[in-house]
Amino acid sequence: MKTVYLDNAATTQMRPEVIDKVHKSMQQFFANPSATYAAGRTSKAILEGARKKIAKLLHVDASEIIFTSGGTEANNLILNSAVRDLEITHVITSKIEHHAVLKTIEALEAIHSIKVSYVSLLPDGDIDIDNLELILAKNEKIHKTLISLMHINNEIGSILDLEGVGKLVKNYNALFHTDAVQSIGHYNVNFSNAYINFATASAHKFYGPKGVGFAIVQKQLGIKALHFGGEQERGLRAGTESIHQIEGMALALELAFKNLEGESDAILKIKQYATRQLKNKLPNISFNAKSNELNRNYNLLNVCLPISNNKASTTLFKLDMLGICCSRGSACQSGSNKPSHVLAEFLTKDKLKQTSLRFSFSIYTTTNDIDILIDALTEILAE
């Protein structure tokens with residue numbers, strides 16, 4: 001039975017070139033990059049070469065790239081350090097952020113008694129920029145504020161207006177952190193823009209290895225380490241760097257940008273094909289947060305099926321038995337029977353009672369994969 005993998009927002013398949021790079025790096029550059037002998041210095045050179053490559057692709061200084069174990073650690077580093085070291089007393093976020101951001105902010109609110117404001121959402125799940133300005137204007141003279149909003153939502157594919165937020169950041173003298181885990185490697189964003197103070201990325205979202213990512217931290221801000229034990233990563237992230245994972249990540253990002261235009265166009269065509277087939281063969285479905293439209297992420301569809309929500313797990317099980325991999329939302333909460341915290345913020349109660357599934361596509365997705373999905377859903381809905 002063919003496996004149809006449609007959960008690329010959770011993780012992507014590594015490119016063969018990246019697998020080869022990781023394998024060779026493990027063989028050749030095993031020495032600790034902090035060691036002073038020749039083999040250690042070679043590993044250090046490989047490490048810094050990867051850092052420079054990533055920095056150049058994202059238009060930032062190499063010293064602003066801090067390697068981490070992934071997006072969750074990077075988000076924790078930035079948010080905790082902003083409150084502890086930069087004297088942030090007010091955080092503005094939204095209720096549709098990834099839990100790596102939401103849970104961290106909840107903890108900071110409990111521990112440090114910071115003020116947390118949640119920006120309103122528009123009916124289609126977009127951030128209400130006017131409401132964001134209202135919150136900033138109300139608190140400007142009282143608090144030092146950090147805005148933490150993800151660039152691309154991992155469940156509905158909504159895209160944040162970075163420039164719109166940037167203007168507010170400048171006008172109200174705030175700081176801005178964007179969780180860019182779903183966008184880095186998929187969109188060409190110039191992170192040298194002065195208004196983006198912090199950003200986060202994870203390699204396994206752009207065909208790289210799991211367990212490695214990075215934070216972008218403007219060098220003049222002066223944040224400090226989250227945990228201690230060594231002076232690696234400019235003293236911000238103690239622990240021996242994983243050279244093979246970092247090399248693999250750097251190559252994955254390089255290939256993502258090299259092939260960005262052609263691959264994004266090809267994935268968009270797959271999404272459009274899936275949209276047409278779903279509409280034609282399953283007329284009773286709908287698309288959450290207008291995820292089928294062009295102003296959404298080109299590799300994701302969030303679909304509402306005319307099946308009660310208490311049958312969602314059964315639906316996923318049946319799809320799994322047919323070799324189809326998809327999800328109800330973030331993989332980090334896949335074991336939960338609760339409706340998606342993202343969809344719960346803007347769907348009607350009736351819509352929430354139905355089953356919503358997320359399909360996300362990659363360079364390896366084919367029209368045949370979509371045909372298999374449509375046949376499976378048709379069979380399940382006919383039961």
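**Helix α7.** I started with the length of α7, residues 243-258. Its 16 residues should span 22 Å at 1.5 Å a residue, and the end C-alpha atoms are 22 Å apart, so the two agree. (The expected span is 1.5 Å times one less than the number of residues; helices are DSSP runs of H or I with at least four residues, strands are runs of E with at least two, and both are numbered from the N terminus.)

Before going on, I noted that this is a predicted model, where local features need pLDDT of at least 70, side-chain atom pairs count only at pLDDT 80 or more, and totals for chains, interfaces and linings use all residues. Residues are numbered from 1 along each chain as its sequence is written, and side-chain values use heavy atoms, leaving out hydrogens and water.

Is α7 mostly covered or mostly open? I found it mostly covered, with 13 of its 16 residues buried. (Buried is under 20% relative accessible area, exposed is over 50%, partly exposed is in between, with a 1.4 Å probe and protein chains only.)

**α2 against α7.** Next I checked α2 (residues 38-58), which packs on α7 at about 30° with the axes 9 Å apart. (Axes are lines fitted to C-alpha atoms, for helices over the stretch in contact, and angles between N-to-C directions run from 0 to 180 degrees.) That makes α2 roughly parallel to α7. (Under 35 degrees is roughly parallel, over 145 roughly antiparallel, 65 to 115 roughly perpendicular, and the rest oblique.) The contact residues include Ile46, Leu47 and Ala50 of α2 and Ile246, Met249 and Leu253 of α7. (Contact is heavy atoms within 4.5 Å.) By class I got 12 nonpolar, 1 polar and 3 charged. (Nonpolar is Ala, Val, Leu, Ile, Met, Phe, Trp, Tyr, Cys and Pro; charged is Asp, Glu, Lys and Arg; polar is the others, Gly among them.)

**α1 against α7.** Then I looked at α1 (residues 16-28): its axis comes within 8 Å of the α7 axis, crossing at roughly 155°. So α1 and α7 are roughly antiparallel. Among the residues touching are Val18 and Val22 of α1, with Gly248 and Leu251 of α7. This contact has 7 nonpolar, 3 polar and 3 charged residues.

Most residues other than glycine have a negative phi. Asn173 isn't a glycine, yet I read a positive phi of about 55°. Asn173 sits in the loop between α6 (162-172) and β6 (175-179), and counts as exposed because its relative accessibility is 68%. Lys290 also has a positive phi, near 55°. I found Lys290 in the loop between β9 (286-287) and β10 (300-308); at 42%, Lys290 counts as partly exposed.
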